[in-house]
Amino acid sequence: MKKLEIRGNITTRLKQVCVYADDVVLVTKTKQTITNTFQKLKQEAEKYGLAINQNKTKYMRHSRTQTYGKDIEIETEGMKIEEVNNVKYLGTIVTKDNLTEEEIKERTAAGNRAFFANKKIFQSKLISKKSKIKLYKALIRPVVVCGSECWVLTENIKQKLLAFERRILRRIFGPTQKANGEWRLKTNEELENAIGYENIVRHIKSKRLSWLRHVERMPKERVAKTIYKWNHM
């Protein structure tokens with residue numbers, strides 16, 4: 001990575017590199033720069049016996065105008081790199097139009113899988129409702145809100161998250177029996193009361209405030225702090 005010659009700060013660099021273990025993201029401002037940087041990375045990696053997996057290597061274009069035209073491949077170093085509209089990096093879906101909806105859809109689906117994986121626990125009559133709430137907050141909610149500190153919470157996204165949570169809570173608590181013996185679904189107010197009025201949207205907002213405090217305490221050379229304080233004219 002040091003051989004890629006990343007100079008300047010995040011506001012002036014022609015290229016950025018994000019690395020976590022063997023997951024690498026290259027961000028550049030031009031097609032030629034991405035090609036050259038990829039070539040350099042591949043050549044340096046081969047010196048250490050490392051190979052780039054062509055099937056897992058994709059590229060994506062971002063533009064404010066969204067005038068992309070047809071998809072094209074980048075061909076370099078004997079590899080053809082496919083263009084995609086979205087990519088998953090470290091569990092987070094990044095789309096070419098920078099929308100959060102796909103990420104929310106993926107997260108709520110993962111939350112549903114987490115519930116069904118523990119369905120016997122949540123529907124057991126031997127476990128108290130209070131314990132089930134704690135289990136929900138420990139086993140399901142974290143799966144859904146991972147990375148939510150950076151989400152833009154539109155009204156549509158808020159309603160989708162609340163609908164997911166209420167659906168899960170109704171499955172956990174079951175219906176309520178009325179005085180005449182009939183059964184009904186629990187109301188939204190009853191579910192809010194059951195979780196102490198700390199619904200998933202309020203939880204995300206508290207996480208965002210916590211992240212903001214963390215960024216404020218960062219030294220000025222940290223990338224997150226630089227972006228946060230960046231005054232782009």
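1. Let me start with the void: the largest cavity comes out at about 40 Å³. Bear in mind that this is a predicted model. Searching the whole structure turns up 1 cavity of 30 Å³ or more.

2. Which residues line the largest cavity? The lining is made of Leu162, Glu165, Arg166, Leu169, Asn188, Leu191, Glu192, Ile195 and Asn199. Two elements, α6 and α7 (188-194), each give two or more residues to that lining. The biggest share belongs to α6, with 4 residues. Sorted by class, the lining has 4 nonpolar, 2 polar and 3 charged residues.

3. From α2, the contact draws on Glu101, Ile104, Thr108, Gly111, Asn112, Phe115 and Phe116. From α6 come Asn156, Ile157, Lys160, Leu161, Phe164, Arg167, Ile168, Arg171 and Ile172. In class terms, the α2 contact with α6 splits into 8 nonpolar, 4 polar and 4 charged residues.

4. Next, helix α4 (residues 129-139) against α6 (residues 155-173). The angle here is about 145 degrees, and the axes again lie 11 Å apart. The crossing of α4 past α6 is right-handed. On the α4 side you'll find Lys129, Lys132, Ile133 and Tyr136, which meet Glu165, Ile168, Leu169, Ile172 and Phe173 of α6. By class, this contact of α4 with α6 has 6 nonpolar, no polar and 3 charged residues. Both Ile168 and Ile172 of α6 turn up in the α4 contact, and they are also listed for the contact with α2.

5. Then there is α8 (residues 200-217). How far apart are the axes of α6 and α8? They are 8 Å apart, and the two helices pack at an angle of about 120 degrees. That value makes α6 and α8 oblique to each other. Lys158, Leu161, Leu162 and Glu165 of α6 meet Ile200, Val201, Ile204 and Lys205 of α8. The classes in the α6 contact with α8 are 5 nonpolar, no polar and 3 charged residues.

Methods. Residues numbered from 1 in each chain as written. Predicted model: local features only at pLDDT ≥ 70, side-chain atom pairs only at ≥ 80, totals over all residues. Heavy atoms only, no water. Axes fitted to C-alpha atoms, helices over the stretch in contact; angles between N-to-C directions. Left-handed = near helix turned anticlockwise from the far one by under 90°. Contact = heavy atoms within 4.5 Å. Nonpolar A, V, L, I, M, F, W, Y, C, P; charged D, E, K, R; others polar. 1 Å grid on protein atoms, 1.4 Å probe; cavity = no way out; pocket = protein on both sides within 12 Å on 5 of 7 lines; lining within 4 Å. Points joined across faces, edges and corners; volume = space filled by probe spheres on them. Parallel < 35°, antiparallel > 145°, perpendicular 65-115°, else oblique.
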